[in-house]
Amino acid sequence: MTTARELAVEVTRKRALVIVNPYATTVSDWLRNLVVRALAARYEVEAIDTQAAGHATDICREAAFEGYDVVVAFGGDGTVNEVINGLAGSPTPVTCLPGGRTNVYCKLLGIPAEIVDATEHLLGLADRWTPRKVDLGRVNGRYFAASAGIGLDASVVARVDAHPEAKARFGANYFLLTAIATFAGRYVLRAPRLVASAGGETVTGVTAVVQNGPYYTYFNHRPVEAAPGIALDSATLAGLVLRRANAIDIPGLIARALGPGLHLADHRMVHALRPFTELDLRSADGRPLPLHVDGDYVGEVTEARFDVVPGALSVVA
């Protein structure tokens with residue numbers, strides 16, 4: 001017989017839509033079903049697998065209209081990016097479960113990096129439901145949750161995504177080796193150049209990265225801070241420009257990106273931009289520049305306009 005307390009739990013159970021990327025690095029049918037069954041203990045759960053690029057965005061626009069209490073992005077940062085592009089500006093909060101290799105946004109929100117711990121964390125949220133507003137970055141009209149970049153890092157993302165088996169097998173080390181090879185190959189020989197303008201300062205270089213949170217990415221579980229001074233709710237973005245591509249700079253850049261107590265912005269070939277609300281980038285020589293958002297390669301551009309949209313997303317974490 002159902003007790004009064006159990007009935008009350010049933011009545012107040014929140015509706016959760018779980019967006020599953022079945023192609024994410026650590027997601028399997030077995031894990032998907034296990035997670036959904038676990039969440040069903042505290043939520044009224046519906047799970048949908050994404051079928052193609054942009055599918056999650058379309059689903060989330062409908063979810064916001066239908067009044068779900070929360071949307072759970074179960075995949076990597078690319079899945080998170082599609083989800084936030086469907087929910088931006090709506091009252092429907094988002095949270096995430098780690099299913100990719102790096103899971104930057106999960107970590108920025110304070111969600112555990114292991115799926116079992118993250119699922120338990122989400123179950124616990126049902127008893128301490130406190131959605132909050134955070135900012136989103138935007139480039140050429142597309143939102144990003146954690147970071148975006150033009151130049152070297154986008155080239156690395158494109159090359160890594162072209163080899164998903166190596167990405168899954170070697171993880172962060174594969175990114176690092178690909179970054180070194182890309183830098184020494186395409187960028188040292190004849191790097192495409194860009195011009196960046198923000199807050200009254202203009203600088204030229206070969207790569208620009210933009211953060212919407214305190215860290216740009218993670219190397220394994222170690223945070224990598226590209227540019228300091230912001231938070232997910234600071235109403236500003238941070239960024240830096242790599243002025244040149246030279247093989248002699250590689251060791252120092254790696255040391256400052258990954259070494260404890262060191263900062264990438266302190267490298268002599270790096271120009272750290274002061275926290276800004278708008279940034280204009282353009283190709284300095286007419287050659288198209290590769291662009292990524294939240295670790296997803298989105299193509300090449302000759303111009304890019306970045307801005308921040310304060311309080312654009314509701315999150316629960």
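Tutor: We take a charged patch, a helix and a strand residue in turn. This is a predicted model, where local features need pLDDT of at least 70, side-chain atom pairs count only at pLDDT 80 or more, and totals for chains, interfaces and linings use all residues. Residues are numbered from 1 along each chain as its sequence is written, and side-chain values use heavy atoms, with hydrogens and water left out.

Student: Which residues gather in a patch of negative charge?

Tutor: Patch members have over 30% relative accessible area and no salt bridge, and like charges are joined within 9 Å. A salt bridge puts a side-chain nitrogen of Lys or Arg within 4 Å of a carboxyl oxygen of Asp or Glu. Here the surface patch consists of Glu44, Glu46, Glu62, Glu66 and Asp69. Strand E2 (43–49) and helix H3 (55–66) each supply at least two of its residues.

Student: Why does Glu46 count as partly exposed?

Tutor: Buried means under 20% relative accessible area, exposed over 50%, partly exposed in between (1.4 Å probe, protein chains only). Glu46, in strand E2, counts as partly exposed because its relative accessibility is 36%.

Student: What do the buried residues of H6 pack against?

Tutor: Contact means heavy atoms within 4.5 Å. The buried residues of H6 (residues 115–125) include Ile115, Ala118, Leu122 and Leu125. The buried set packs against helix H2 (29–39), E2, strand E3 (70–75) and strand E4 (94–98).

Student: Is Val293 buried or exposed?

Tutor: Val293 lies in strand E16 (residues 289–293) and is buried, at 1% relative accessible area. Leaving out residues up to four places away in sequence, Val293 touches Asn81, Val139, Arg142, Phe144, Ser147, Ala148 and Val298.

Conventions. Patch = residues over 30% accessible without salt bridge, like charges linked within 9 Å, V, L, I, M, F, W, Y side chains within 5 Å. Areas by Shrake-Rupley, 256 points an atom, 1.4 Å probe, with all protein chains shown as cover. Lys, Arg positive; Asp, Glu negative; His and termini not counted. Charge placed at Lys NZ, Arg CZ, Asp CG, Glu CD. Helix = DSSP H or I, 4+ residues; strand = E, 2+ residues; numbered from the N terminus.
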